[in-house]
Amino acid sequence: MNIGFSLTTEFLAGTPIKTGDKALLDKYQSPESFLETLKERGVHYIELRNVKPGMDNKLVLDAVKTVRSAGMDITIHGVLGENDTGKSFFEIFPSIAGILELIPDHPDRVIITVHTYSDKTGHSDELSERTIKTVSRWVELMDKGDLPFNVAVEINRSKGIVDPSVSCEGVMRIVEGINHGRVGVCWDMGHYYTNFKNGVAEKMPGEDFIKKVIHTHIHGIGEQGTHYPVILPEAGFLIPYINKLKSREYKGVYNLELTFDKFFMDTPADAAALKSIDQLKFILSMEESEGTESV
Ligand SMILES: [Zn+2]
């Protein structure tokens, strides 16, 4: 089973900005020693959260070096920039230009997850078209440069802005509009469940969506919404989702995506991380019939 865990690029580079990250670094002294702890617990992938196209090159490089020197692989939470013109992918996304030599030469490409364009006002169709245009350009240039990347379009939480990615249909319209082998879906299960609870999503996504899932974001729900630790039975909504992917022989990463700042005053980041990993492993080890009806 491929278990991943999201950490901020700044934490991984040893220069944290967020309060939860700072507390974590104070306790572990170096990002490497926290990665060792995660690795011992069964995590093999670390997702850099979030990498903007214009971010400092060295910061991203330092973060990737930390992950690779721990013997782990990366995934990237990217961001669609304003610029989609350039002759190479790295002209559009310069901040990750330096990491190629650190990516191991194995058949699995590095997943870059993106949110679609969204806006406070405007038309969903236009944002959808813009996303299709930008990501199409990305993958065209990835092909041209023979780059080891795939792109996952994430299903977002419906939060009152204009966002074409808050429904499976909206995400699929974009993925099918791009229609390229490098592009699939990131199923953020916490977002999806929140949308279901709010009456804007079905109990389970349709097969067309499930078939296109190449990456996941997994988190619990808490007082301030999403990105809380995975703790059963509250996070039991994850069980049928994960069973669904298992039954479709999903080969991608089960990536835990927690926002430490939301809860670290009550639950230290490392305790939350380790508990979530254990609970995810428990869910992954369940027989398919168990818990399927528990939601
Ligand atoms: Zn997510």
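**Exercise 1. D125**

Task: In this predicted model, is D125 buried or exposed?

Solution. 
- Step 1. Find D125. It is in helix α6.
- Step 2. Count its neighbours. D125 has 12 C-beta neighbours inside 10 Å.
- Step 3. D125 and I92 are 33 residues apart along the chain, and their C-alpha atoms are separated by 23 Å.

**Exercise 2. K262**

Task: Is K262 buried or exposed, and which residues does K262 touch?

Solution. 
- Step 1. Locate K262. The residue sits in the loop between β10 (254-256) and α11 (269-285).
- Step 2. Count again. K262 has 20 other C-beta atoms within 10 Å.
- Step 3. Apply the cut-off. A residue with 20 or more such atoms is buried, so K262 is buried.
- Step 4. List the contacts. Leaving out residues up to four places away in sequence, K262 touches G222, Q224, H227 and Y228.
- Step 5. Take H227 from that list. K262 and H227 are 35 residues apart in sequence, and 8.0 Å apart in space from C-alpha to C-alpha.

**Exercise 3. Helices α6 and α7**

Task: How do α6 and α7 pack, at what angle and with their axes how far apart?

Solution. 
- Step 1. Recall the description. Two packed helices are described by the angle between their axes and the distance between the axes.
- Step 2. Mark the helices. α6 covers residues 124-144, and α7 covers residues 168-178.
- Step 3. Read the geometry. The angle is about 40°, and the axes are 9 Å apart.
- Step 4. Name the arrangement. α6 and α7 are therefore oblique to each other.
- Step 5. α6 passes α7 in a right-handed crossing.
- Step 6. Find the residues. α6 brings S128, T131, I132, V135, S136 and V139 to the contact, while α7 brings G170, R173, I174, G177 and I178.
- Step 7. Sort them by class. The contact of α6 with α7 has 5 nonpolar, 5 polar and 1 charged residues.

**Exercise 4. The buried side of α7 and its end**

Task: Which residues of α7 are buried, and what covers them?

Solution. 
- Step 1. Pick out the buried residues. In α7 they are C168, G170, V171, I174, V175 and I178.
- Step 2. Look at the spacing. An α-helix has 3.6 residues a turn, so residues three or four places apart point the same way.
- Step 3. Name the cover. It includes α6, β5 (149-154), β6 and α9 (207-211).
- Step 4. Go past the helix. N179 follows α7, with a positive phi near 45°. N179 is not a glycine.
- Step 5. N179 counts as exposed, because it has 10 C-beta neighbours inside 10 Å.

**Exercise 5. Q29**

Solution. 
- Step 1. Phi of Q29 is near 70°, a positive value in a residue other than glycine.
- Step 2. Count neighbours. Q29 has 10 other C-beta atoms within 10 Å, so Q29 is exposed.

**Exercise 6. Helices α3 and α4**

Task: Which residues make the contact between α3 and α4?

Solution. 
- Step 1. α3 and α4 (residues 57-69) pack at about 40°, with their axes 9 Å apart.
- Step 2. Name the arrangement. The two helices, α3 and α4, are therefore oblique. The crossing of α3 and α4 is right-handed.
- Step 3. List the residues. P31, E32 and L35 come from α3, and T66, V67 and S69 from α4.
- Step 4. Sort them. In the contact of α3 with α4, 3 are nonpolar, 2 polar and 1 charged.

**Exercise 7. Cis peptide bonds**

Task: What is omega for the cis bonds from R49 to N50 and from L232 to P233?

Solution. 
- Step 1. Take R49 to N50. Omega is near -25°. N50 is in strand β2 (residues 45-51).
- Step 2. Take L232 to P233. Omega is near 10°. P233 is in the loop between β9 (225-228) and α10 (238-247).

**Exercise 8. The core**

Task: How many residues has the largest nonpolar core, and what is L280 in contact with?

Solution. 
- Step 1. In soluble globular proteins, nonpolar side chains tend to be buried together.
- Step 2. Give the count. The largest nonpolar core has 80 residues.
- Step 3. V151, V153, V171, V185, L238 and L280 have the most contacts inside the core.
- Step 4. Follow L280. Setting aside neighbours within four places in sequence, L280 is in contact with I3, I218, V230, Y254 and L256.

Note on methods:
Residues numbered from 1 in each chain as written. Core = buried A, V, L, I, M, F, W, Y, C linked by C-beta atoms within 7 Å. Contact = placed C-beta atoms within 7 Å. Axes fitted to C-alpha atoms, helices over the stretch in contact; angles between N-to-C directions. Helix = DSSP H or I, 4+ residues; strand = E, 2+ residues; numbered from the N terminus. Parallel < 35°, antiparallel > 145°, perpendicular 65-115°, else oblique. Left-handed = near helix turned anticlockwise from the far one by under 90°. Nonpolar A, V, L, I, M, F, W, Y, C, P; charged D, E, K, R; others polar.
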